[in-house]
Amino acid sequence: MRKIGNRLRGYSKWMPDNCRVVVVVDRDGDACKDLKSTLEDVCKSVGLRSRRAAGGADWQVVTRIAIEELEAWYFGDWQAVCTAFPRVSPSISSQARYRDPDAITGGTWEAFERVLQKHGYFRQGLSKVQAATAIGKHIDPARNRSHSFVVFCDTLAEAVA
């Protein structure tokens, strides 16, 4: 978040009209509306048209929030996690605390790390990049139950249409 203004300002200086930027941030306990407003204000301050401000297809940047953290998207497609990490129990996603991926409280990445460690992975601590690379190969947007992931995917589809 500290660097977003400078990064977007840099993009605004060279971005052609047919280019789009997608900004994804973790909510991390912030109030969604406040975080979204902050991101929208940054876009405006650097002279980029956000999707919200454009009100249509003529946007340059869109902001999306992973609720609560990006790791919730993994809980949303537990089959992808099980494929990447076969010792993980397929029944995890049916447990009450994980059933709604966007409602997992108390640190989604910490919960994800605990589950993986319980099944013999990442004993020295979760390697987020390694996990993302392994799981990303198997994620199926059509079966993901995370609402914030679905919104993100819909936005990507719009961006490339």
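These are my notebook entries on one predicted protein model.

**Entry 1: ground rules**

I number residues from 1 along each chain as its sequence is written. The model is predicted, and local features need pLDDT of at least 70, side-chain atom pairs count only at pLDDT 80 or more, while totals for chains, interfaces and linings use all residues; side-chain values use heavy atoms, with hydrogens and water left out.

**Entry 2: confidence**

I looked up pLDDT, the predictor's confidence in each residue, from 0 to 100. The protein chain averages 92, and 100% of the residues score at least 70.

**Entry 3: overall layout**

I took helices (H or I, at least four residues) and strands (E, at least two) as DSSP runs, numbered from the N terminus. The protein chain has eight helices and two strands. Their order from the N terminus is α-β-α-α-β-α-α-α-α-α. Along the principal axes, the C-alpha atoms fill a box of roughly 50 × 30 × 25 Å.

I then looked up burial, where buried means under 20% relative accessible area, exposed over 50%, and partly exposed in between (1.4 Å probe, protein chains only). Of the 161 residues, 42% count as buried. For contacts I used heavy atoms within 4.5 Å. Among contacts with a separation of 6 or more, 69% join residues 24 or more positions apart.

**Entry 4: salt bridges**

My rule was a side-chain nitrogen of Lys or Arg within 4 Å of a carboxyl oxygen of Asp or Glu. I find five salt bridges in the structure. One of them joins Lys128 and Glu71, at 3.9 Å from N to O. Lys128 is in helix α7 (residues 128–136) and Glu71 in helix α4, so this pair ties together parts 57 residues apart in sequence. Lys128 is partly exposed at 37% relative accessibility, whereas Glu71 is buried at 4%.

Which side chain does Arg143 meet at 2.5 Å, N to O? The partner is Asp77. Arg143 lies in the loop between α7 and α8 and Asp77 in the loop between α4 and α5, so the bridge ties together parts that are 66 residues apart in sequence. Asp77 has 1% relative accessibility and therefore counts as buried; Arg143, at 28%, counts as partly exposed.

Arg143 also meets Asp140 in a salt bridge, at 4.0 Å from N to O. Asp140 is partly exposed, with a relative accessible area of 30%. I note Asp77, Asp140 and Arg143 as a network of salt bridges.

**Entry 5: a lysine without a salt bridge**

Is Lys36 buried or exposed? Lys36 is buried, and it has no salt bridge. With Lys and Arg counted as positive, Asp and Glu as negative, and His and the chain ends not counted, the nearest side chain of opposite charge is Glu40, 4.1 Å away. Lys36 lies in helix α2 (residues 32–45). Setting aside neighbours within four places in sequence, I list its contacts as Arg52, Thr63, Arg64 and Ile65.

**Entry 6: aromatic rings**

I paired rings of Phe, Tyr and Trp (its six-membered ring) if their centres lie within 6.5 Å; planes under 30 degrees apart count as stacked, over 60 as edge-to-face and the rest as tilted. By this rule the count is 11 aromatic pairs. Phe75 and Tyr98 are a stacked pair, 4.8 Å centre to centre with 10° between the planes. Phe75 is in helix α4 (residues 71–76) and Tyr98 in the loop between α5 (78–84) and α6 (108–118), so the pair ties together parts 23 residues apart in sequence. Both Phe75 and Tyr98 are buried.

Phe149 and Phe152 form a tilted pair, 6.3 Å centre to centre and 45° between the planes. Both lie in helix α8 (residues 147–160), three residues apart, about one turn of the helix. Phe149 is buried at 7% relative accessibility, and Phe152 is buried at 15%.

I also noted one aromatic cluster formed by Tyr74, Phe75, Trp78, Tyr98 and Phe112.

**Entry 7: charges over rings**

I counted a charge as over a ring if NZ of Lys or CZ of Arg is within 6 Å of the ring centre and within 35 degrees of the ring normal. The charged end of Arg20 sits over the ring of Trp59, 4.1 Å from its centre. Arg87 lies over the face of Tyr121, 4.0 Å from the ring centre.
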